[in-house]
Amino acid sequence: MMRRVFGITGWKNSGKTTLTEKLVAELVRRGWKVSTVKHAHHDFDIDKPGADSFRHRQAGATEVAIVSDRRWALMHELRDEDEPTLDAILSRLGTSDIVLVEGYKREAHSKIETRRLEAKDRAPLSANDPHIVAIAADFAIAGQSLPVFDLDDTKSIADFIERTAGLTR
């Protein structure tokens, strides 16, 4: 199955999460089924110490599924395994019209680069990444061959993603 994937990449504090959140809401409002993958820092945890599922993992379980009548989650403890590839994670997702991928700077899917004046680093990623197909910034960018969007222009960015990813009715 050919999966539509579009990335939001950028340096720390460049606006990736806020843009991803706004794009999910806009694309869902337009009737698309959207999934997301977020690359996190190595020490993240979605589980709380003392919770039953946390205790299962502490005891040594490699995978713990938590299921209710509202949602389910699957946690996989890597133990001595390597971090899975983005493709491996995408293969585990259910069906959707598009997957928005936040982070994963070095992967080879089409991406928009976020830039903010307050970002931790402002070195352009697009100069060395041919998969960056557009830029969204909170400041003016001149002399750029890629399309440049205002970071807050969610509708225009969503239009661009629909065209680029081939989302058509």
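Buried means under 20% relative accessible area, exposed means over 50%, and partly exposed lies in between, with a 1.4 Å probe and protein chains only. Keep that handy for the tour.

This is a predicted model, where local features need pLDDT of at least 70, side-chain atom pairs count only at pLDDT 80 or more, and totals for chains, interfaces and linings use all residues. Residues are numbered from 1 along each chain as its sequence is written, and side-chain values use heavy atoms, leaving out hydrogens and water.

**Stop one: histidine 109.** Select the loop between β5 (98–102) and β6 (111–115), where histidine 109 lies. Strands (E, at least two residues) and helices (H or I, at least four) are DSSP runs numbered from the N terminus. Is histidine 109 buried or exposed? Histidine 109 is buried because its relative accessible area is 10%. Now show its contacts, meaning heavy atoms within 4.5 Å. Beyond neighbours within four places in sequence, histidine 109 touches Val5, Phe6, Gly7, Leu86, Val101, Tyr104 and His131.

**Stop two: tryptophan 72.** Move to strand β4 (residues 72–76), which holds tryptophan 72. Tryptophan 72 has 63% relative accessibility, so this residue counts as exposed.

**Stop three: glutamate 81.** With a relative accessible area of 43%, glutamate 81 is partly exposed.

**Last stop: alanine 88.** Select helix α3 to find alanine 88. Alanine 88 is partly exposed, at 31% relative accessibility.
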